[in-house]
Amino acid sequence: MVPALLAESGVVYQHHPLGASTGYMEASRGDWPAMVNEALETSGFAVELAALSEEELPGLEDFLADRPELPFAYLSVHAPVKHLRMPEATLVRRLARLAQVADAIVVHPDAMDDPRAYRPLGSSLVLENMDARKPAGRTVSELAPYFAA
């Protein structure tokens with residue numbers, strides 16, 4: 001899927017454990033193969049496939065359902081954090097299916113209504129700590145209830 005020259009030309013391609021997130025790739029948004037190729041320009045070690053909006057999730061699910069041969073040693077999926085309308089239980093079920101092909105599912109604490117609902121993700125659940133603009137997950141004490149759940 002990825003030309004060898006492209007895969008070897010990345011700025012930090014050989015530098016474990018750096019990776020790239022597709023979250024910043026506005027111009028390629030929704031074109032998962034193109035975003036994978038763009039991520040490879042940065043690193044061949046890890047990628048975060050970011051479906052930051054609920055509208056992006058079906059495209060990512062379809063892309064991963066085809067079981068593409070991805071060259072990364074580590075694959076994470078960033079759960080939607082914007083335009084969430086589906087019930088949380090439905091989102092978690094869909095994320096659990098993605099967890100079967102990904103090493104981690106990244107979730108923002110401030111996007112979780114009930115942290116216990118995410119238990120089906122088990123050890124694939126990764127909480128991303130938040131910056132000062134967010135209402136939760138900024139400190140160890142704020143993250144503690146999420147880990148307890």
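Q: What share of the chain's contacts between residues at least 6 apart in sequence join residues at least 24 apart?
A: The share is 64% in this predicted model. Contact here means heavy atoms within 4.5 Å.

Q: What order do the elements of the chain follow, and how many helices and strands are there?
A: From the N terminus on, the run is α-β-α-β-α-β-α-β-β-α. That chain holds 5 helices and 5 strands.

Q: How much of the chain is buried?
A: Of its 149 residues, 42% are buried. The cut-off for that word is under 20% relative accessible area.

Q: Why is Leu57 called buried?
A: Its relative accessible area is 0%. Buried means under 20%. Leu57 therefore counts as buried.

Q: Where does Leu57 lie, and what is it in contact with beyond its neighbours within four places in sequence?
A: Leu57 lies in helix α3. Its contacts are Ala51, Pro80, Met86, Leu91, Arg94 and Leu98. Leu57 and Ala79 are 22 residues apart in sequence, yet their C-alpha atoms are 8.0 Å apart in space.

Q: What makes the buried residues of α3 line one face of the helix?
A: The buried residues are Leu57, Leu60, Glu61, Phe63 and Leu64. Seen down the axis of α3, they fall within an arc of 165°, so they line one face.

Q: Which exposed residues sit on the face of α3 turned away from its buried side, and what covers the buried residues?
A: Asp62 and Ala65 are the exposed residues on that face. The cover over the buried residues of α3 includes α2, β2, β3 and α4.

Q: Why is α2 called roughly perpendicular to α3?
A: The axes of α2 and α3 cross at roughly 75° and come within 10 Å. Angles of 65 to 115 degrees count as roughly perpendicular. The crossing angle therefore makes α2 roughly perpendicular to α3.

Q: Which residues make the contact of α2 with α3, and how do they divide into nonpolar, polar and charged?
A: Helix α2 supplies Trp32, Pro33 and Val36. Helix α3 supplies Gly59, Leu60 and Phe63. The division is 5 nonpolar, 1 polar and no charged. Gly counts as polar under the scheme used.

Q: How do you know that the buried residues of α4 line one face of the helix?
A: Helix α4 spans residues 88–98, and its buried residues are Glu88, Leu91, Val92, Arg94, Leu95 and Leu98. Their directions from the axis of α4 fall within an arc of 165°, so they line one face. What covers them includes α3 (57–65), β3 (74–78) and β4 (104–107).

Q: Which residues have the most contacts inside the largest nonpolar core?
A: They are Leu49, Leu60, Leu64, Leu95, Leu98, Ile105 and Tyr118. The core has 33 residues. Elements giving two or more residues to this core are α2 (32–40), β2 (46–50), α3, β3, α4, β4 and α5 (140–148). Helix α2 gives the most, with 5 residues.

Q: What is Ile105 in contact with, leaving aside its neighbours within four places in sequence?
A: Its contacts are Val77, Leu95, Leu98, Ala99, Leu121, Ser124, Leu125 and Val126.

Q: Why is Ala20 called buried?
A: Ala20 has a relative accessible area of 9%. The limit is under 20%. Ala20 is therefore buried.

Q: Where is Ala20 found, and what does it touch, not counting residues up to four places away in sequence?
A: Ala20 is in strand β1, residues 19–21. It touches Ala39, Thr42, Ala46, Val47 and Glu48.

Q: Why does Arg67 count as exposed?
A: Exposed means over 50% relative accessible area. Arg67 is at 56%, so it counts as exposed. Its place is in the loop between α3 and β3.

Q: Which residues other than glycine take a positive phi?
A: Among them are Arg67 and His83. His83 has a phi of about 55°. The place of His83 is in the loop between β3 and α4.

Conventions: Residues are numbered from 1 along each chain as its sequence is written. This is a predicted model: local features need pLDDT of at least 70, side-chain atom pairs count only at pLDDT 80 or more; totals for chains, interfaces and linings use all residues. Side-chain values use heavy atoms; hydrogens and water are left out. Buried means under 20% relative accessible area, exposed over 50%, partly exposed in between (1.4 Å probe, protein chains only). The arc is that of the directions from the helix axis to the C-beta atoms. A nonpolar core is a set of buried Ala, Val, Leu, Ile, Met, Phe, Trp, Tyr and Cys residues joined through side-chain atoms within 4.5 Å. Axes are lines fitted to C-alpha atoms, for helices over the stretch in contact, and angles run from 0 to 180 degrees between N-to-C directions. Angles under 35 degrees count as roughly parallel, over 145 as roughly antiparallel, 65 to 115 as roughly perpendicular and the rest as oblique.
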